[in-house]
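Me: I want to learn how to read a few features of a protein model. Please give the general idea, then the case here.

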Amino acid sequence: MRVLAINDISCVGKCSLTVALPIISACGVECSVLPTTILSTHTGGFTGYTFHDLTDEIPAILKHWETLGLKFDYICSGYLGSISQIELVLEIKKRFLADGGKFIVDPVMGDSGKLYAGFTPDYVEKMRGLCREADYILPNDTEACYLADMSYPLNRQTAVSALEKLKTLCNQPILTGITENNRIFVYYADKDGNVCHYEHENVSGFYHGAGDVFASAFIGCLARGTSEKQAIELSSDFVTASIRRTAIEVADRRYGLAFEAEIFGFLQALHSEING
Ligand code: PXL
């Protein structure tokens with residue numbers, strides 16, 4: 001079992017690969033990486049960050065991998081710095097996804113109702129195309145609004161409409177970060193297209209990197225053979241526990257979630273799901 005995580009390296013401010021690699025590995029799954037960009041920090045709330053686009057390096061990396069005959073059972077994409085990187089990911093899916101493998105797209109584009117720095121309407125349109133190729137997509141509420149052309153914020157009712165629209169892009173959308181009445185919800189479509197949800201008490205405030213922790217845990221669980229329902233529930237529990245800890249322990253939320261100390265509990269829960 002081999003996962004490929006395509007995402008940036010934000011050197012400081014836990015998100016993207018610095019979250020995907022430890023969490024997927026901790027689940028007991030080999031995680032290969034394809035870094036898309038290297039930044040001194042992520043772009044959310046920091047100023048003056050460096051940004052080095054690695055697009056030019058990627059074709060040679062792929063060529064080498066092909067000589068090794070590599071195929072991946074799961075390919076998951078996250079932050080992609082440009083439209084040409086979206087095109088590269090489409091090509092990577094064609095060339096490197098194993099037969100029967102799963103392609104998971106976290107359409108990382110924005111938060112709190114706004115696109116991240118550097119993203120444009122053209123990028124959103126291209127991202128819709130990437131979502132059409134995916135087995136699962138994992139938008140947050142902001143990304144869902146951009147993809148489904150709906151107004152932000154969503155509530156429980158409009159989240160269901162957003163999910164229906166997202167189903168025209170991908171059979172199994174998983175929509176995170178819907179808040180209402182002090183609760184936070186994940187809405188998702190199961191294999192048969194039924195709308196399902198899972199919820200927690202909301203911890204108010206914005207927590208950077210929460211979507212990346214959720215996506216990484218979800219992939220780790222699926223790769224260990226859980227159902228998607230179990231993967232969603234285990235990942236939501238893990239993110240919620242990490243957010244609660246962060247609320248107490250971390251003053252500056254730009255540095256990401258204090259997820260490390262919650263990994264053990266998450267793995268115990270994963271272990272009991274797998275082994276009964
Ligand atoms: O966590 C999402 C993310 C990933 N990568 C980079 C980002 C962000 C959000 O701001 O800036 C570089």
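Me: Is Tyr123 buried or exposed?

Reply: Tyr123 has a relative accessible area of 3%, and this makes it buried (under 20%; exposed is over 50%, partly exposed in between; 1.4 Å probe, protein chains only). The model is predicted, so local features need pLDDT of at least 70 and side-chain atom pairs 80 or more, while totals for chains, interfaces and linings use all residues. Residues are numbered from 1 along each chain as its sequence is written, and side-chain values use heavy atoms, without hydrogens and water.

Me: How many aromatic pairs does a search of the whole structure find?

Reply: A pair of aromatic rings is described by the distance of the centres and the angle of the planes. Rings of Phe, Tyr and Trp (its six-membered ring) pair with centres within 6.5 Å; planes under 30 degrees apart are stacked, over 60 edge-to-face, the rest tilted. The search of the whole structure gives ten pairs. In one of them, Phe119 and Tyr123, the ring centres lie 4.4 Å apart and the planes stand at 70 degrees, so this pair is edge-to-face. Phe119 is buried too, at 10% relative accessibility.

Me: What kind of pair do Tyr136 and Phe218 form?

Reply: Tyr136 and Phe218 are edge-to-face, 5.4 Å from centre to centre with 80 degrees between the planes. The pair links distant parts of the chain, 82 residues apart: Tyr136 is in strand S8 (residues 136-137) and Phe218 in helix H7. Helices (H or I, at least four residues) and strands (E, at least two) are DSSP runs numbered from the N terminus. Tyr136 and Phe218 are both buried. Elsewhere, Trp65, Phe72 and Phe96 make up one aromatic cluster.

Me: How many disulfides does the structure hold?

Reply: A disulfide is a pair of cysteine sulfur atoms within 2.5 Å. The structure has zero of them. For Cys15, the nearest cysteine sulfur belongs to Cys11 and is 10 Å away. Cys15 is buried, at 4% relative accessibility.

Me: Which residues lie nearest the centre of the largest pocket?

Reply: A pocket is an open set of points on a 1 Å grid over the protein atoms alone where a 1.4 Å probe fits, with protein on both sides within 12 Å along at least five of seven lines; lining residues have an atom within 4 Å of a point. The largest pocket has 49 lining residues, with Asp111, Phe206, Tyr207, Ala210 and Gly211 nearest its centre. Helix H7 contributes the most to this lining, five residues.
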